[in-house]
Each structure stands twice: as C-alpha cells, then as structure tokens.
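Hi,

Here is the structure I promised to pass on.

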Amino acid sequence: MTQATSQRSVLLVVEDRGHKGKHVVTTMPFRAGAVVLQVTGHHAVPVANRFTVQAGVGTHLAGIGPLTFMNHSCAPNVFINTPDMTVTAIRDIAAGEELSFFYPSTEWQMAEPFDCHCGASSCIGRVAGAVNLPDDILSRYLLNQHIQALRRTP
Ligand SMILES: [Zn+2]
C-alpha cells in the first residue's frame, strides 16, 4: 500500500443530522506539520461553488475528495497548500477529531457566504472569503500565495 493510499483511508466523511452536516474526521492522530492528505485527481472548473477549493487567482478545483466536505473553522487544525494540494496538520491532532481549515486561506470571494458558529474565541463571524477580512485578522492565519497576491492588488 502506498503512503498516499493509507493516508486517505484514515479520513472519514461523517454525516451528522445536526447542524454540521457532512464533515471529515481522522481515525489516526497526526503531529503538527505532518501531511494528512495529498489530494490527487482534481480538475479545474471556471466558477467557484460550495464544493470547490480556490487554488489560484482564477483557478477553482473540483474533484477534491474528502476536502469537498471539510468544514471551515476559525481555529483550524489543517492547512491546504494549494500549489500542490497537500493538506498538513497545523497543530497536533488526535484520533477522532474533526478536520477543519480556514476557508479564507484559499477562498478570496466565496460563492456561498455563511455565518460561522465554530465557537472559537477568535471566531470571525461572517465567512465570505479573504476579500472581506481586515489585515489584523488575516495576519493570524497561514494564507496561500494567491490570497497574498490578491491582498497586494489595489
Ligand atoms: Zn468561526
């Protein structure tokens, strides 16, 4: 079994009839910095939707496997590095934990904004993409190159 296959198999898409809906849980622990998932088989689509991840200034990816159902958190435990679509742990993660990422770290302007109820003390409230967030909030997070580039564009 390849490493990528074994890593993918430890992530479960779980259906919750409550407010969360589908979300992603890991069945094994990860150390901070570890690769949780290498996304392969994705393809670019012209327009963002709630199931895509933005990977460049005008690039949105579909066919992203478990990432399709990974929830946003304002206190995330993974980061998606979009140039190579590697998902890494940004802190130690226990077996059984839900995996979440900070949507504005990939999304400049979201197709379907929503109000966040993640419960983090740092919760940003309305999640609509990086375009709507001030620098003092964005500077707390890891951000992808295309988000950094768009921030610098007047
Ligand atoms: Zn939040």
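Let's start with something to look up: where is the place of Ile137? Ile137 sits in helix H2, which covers residues 135–138. Keep in mind throughout that this is a predicted model. Ile137 counts as partly exposed, because 14 C-beta neighbours lie inside 10 Å, and a buried residue would need 20 or more.

Now for the overall picture. The protein has 3 helices and 12 strands. Its C-alpha trace spans about 50 × 35 × 30 Å along the principal axes. The radius of gyration is 15 Å, which agrees with the value near 15 Å for a compact globule of 154 residues. Buried residues account for 30% of those 154 residues. As for how the chain meets itself, take the contacts between residues at least 6 apart in sequence: 58% of them join residues at least 24 apart.

Next, the inside. Which residues have the most contacts within the largest nonpolar core? They are Val36, Val53, Leu67, Val78, Ile80, Val87 and Phe101, in a core of 26 residues. Four strands each supply at least two residues of this core: S3 (35–38), S5 (53–56), S8 (78–81) and S10 (98–101). The largest share, 3 residues, comes from S8. Ile80 is a handy one to click on: leaving out residues up to four places away in sequence, Ile80 touches Val53, Leu67, Val87, Phe101 and Thr106.

S8 also turns up in a sheet. This is an open sheet of 3 strands in the order S3-S9-S8, and the pairing is antiparallel. S3 and S8 are the edge strands, each pairing on one side only. From one strand to the next, the twist averages 20°. Looking at S8 and S9 on their own, you'll find 4 bridges holding to the antiparallel sense.

Met85 is worth a click: its phi is near 55°, a positive value in a residue other than glycine. So is Met85 buried or partly exposed? Partly exposed, because 19 other C-beta atoms lie within 10 Å, whereas buried starts at 20 or more.

Last stop, S6. Which strand pairs with S6 over 3 bridges in the antiparallel sense? One answer is S4: S4 covers residues 43–45, and S6 covers residues 59–62. S5 is joined to S6 by 3 bridges too, again running antiparallel. A hairpin of 2 residues makes the link from S5 to S6. Leu61 shows both pairings in one place: Leu61 is the bridge partner of Ala44, and Leu61 is also the bridge partner of Val53. You've met Val53 already, among the core residues with the most contacts.

That's what I have for now.

Cheers

Definitions and conventions
Residues numbered from 1 in each chain as written. Predicted model: local features only at pLDDT ≥ 70, side-chain atom pairs only at ≥ 80, totals over all residues. Core = buried A, V, L, I, M, F, W, Y, C linked by C-beta atoms within 7 Å. Buried ≥ 20, exposed ≤ 12 C-beta atoms within 10 Å, placed from the backbone. Contact = placed C-beta atoms within 7 Å. Rg over C-alpha atoms; globule rule 2.2 N^0.38 Å. Pairing = 2+ DSSP bridges. Axes fitted to C-alpha atoms, helices over the stretch in contact; angles between N-to-C directions.
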